[in-house]
Amino acid sequence: MAKGEVFAPEWHEVEDLETGVKSRQLTDHKAHSHHLYFTNSGWYDDNQRLLFASDRGGAANLYSLDLRSGEFRQLTDLEEPRGAGSGSFQSTSVNPRRAEAYFWRQGGLFAIDLDTLEERLLYTVPAGFRGGGQTNVTADGAYVCVNIGQDMSDRFRMDLGAGYVGMAEYWAANPRCQVLRIPTQGGEAAVVWEEESWIGHINTSPTRPNLLTFCHEGPWHKVDHRIWMLDLDTGDAWKLRPTAPRERVGHEYWFTDGEHVGYHGWTEGGSAFHGAVRYDNTAVGEYPLSHTSMHFHSNDLNLIVGDGNRNLPRLLLWRLTETGFEGPRVLLRHRGSFHIQAVHVHPRVSPDGSQILYTTDARGYGNPHLVDIPDFDSLPPLDDEAG
């Protein structure tokens, strides 16, 4: 296996035994494969190609799948196994203006031309810090934004990809963290935000080049405030969707309009809800949920998808009505284990709203899948399916 190698299609159809809905398993190999983190779109080339990562060959590498033929191409030639500095590529992001992607490797942020496969080093994490977190590109394609944090590996062990080891300790240590804006054509990185609080989940607006969200990472019930908005031009940051003392809100993501941010959470009393807010804290819409999920995604507030949890391993759909969310309806039973980050289900709605991308290790190894979104009314309610 080598950089540039093209592989024959592995995709095949899988029919769900509970709902009869058919999905397309995109890969089939005795190694984990997965799509990008659910807040990062892996589609490019007019949505005809999709990025994914795979451990085949004993090393984590980035691949590109042709959604017309099923053939896929190896884009990188890393030799390190997962966990040895190469990362899982979940934090990879695509430039919305040209065929280029950005990923971490051994403390360096690299750009890769998705056509020629030429790689460029854009940034190196300075001593005393660690990178590897989310990457996201501004709407004009001019900058890739990342976060770095103080390296505390000499104080305690961290392995967030396998059971969030060290999460509580790192949060409590109040590490020095920075949000960086790095020119995609090359140039000096600028620190646009810095504080002594664990920063994560850098998400840029898909339409407003000056806006991104970041979060105060850590146990949701302990962080001071989860979702923050940052104006890259002015350096101003503000709390998005202010929370009550015992509310838990997170897993924020941008709608396709680039104006609104979706999220889910629990009230002070523990009731689940899903909602959205405009970047300036106006136009808030929140609605209760009878069931919740590990992660949610949507292109707007009209139809949302959730991935259930270990005890309820299903893809679930909710539809917004005049009185709130209707559902959930069961799309399929994904049987994902959520055992490590690489096999979290992380559903994401396609750019055109017609499909859902997700990963599951139902048959032992993680594989990304695509499923067409059927008519909502054709799907069974959760209670009927759950028995």
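Biologist: Why do you say that E18 and strand E19 pair?

Modeller: DSSP pairing takes at least two bridges between two strands. E18 and E19 (residues 211-216) have four bridges, running antiparallel, so they qualify as a pair. One spot to look at is glycine 200, which sits opposite cysteine 215 in E19.

Biologist: And where do these numbers come from?

Modeller: It's a predicted model, so local features need pLDDT of at least 70 and side-chain atom pairs count only at pLDDT 80 or more, while totals for chains, interfaces and linings use all residues. Residues are numbered from 1 along each chain as its sequence is written, and side-chain values use heavy atoms, with hydrogens and water left out.

Biologist: What makes strand E7 mostly covered?

Modeller: Buried means under 20% relative accessible area, exposed over 50%, and partly exposed in between, with a 1.4 Å probe and protein chains only. Six of the six residues in E7 (61-66) are buried, so "mostly covered" holds up.

Biologist: Which residues of E7 point which way?

Modeller: Asn61, Tyr63 and Leu65 go one way, Leu62, Ser64 and Asp66 the other, and all are buried. In a regular strand, side chains alternate between the two faces of the sheet.

Biologist: How do you know which strands E7 pairs with?

Modeller: Count bridges again. Strand E6 (residues 49-54) and E7 share six, antiparallel, and serine 54 has asparagine 61 as its bridge partner. E7 and strand E8 (residues 72-74) share three, also in the antiparallel sense, with tyrosine 63 opposite glutamine 74.

Biologist: What do the turns of those hairpins look like?

Modeller: Six residues lie between E6 and E7, and glycine 57 in that turn has a positive phi of about 80°. The hairpin of E7 and E8 has five residues between the strands, and glycine 70 takes a positive phi near 90°.

Technical notes
Helices (H or I, at least four residues) and strands (E, at least two) are DSSP runs, numbered from the N terminus.
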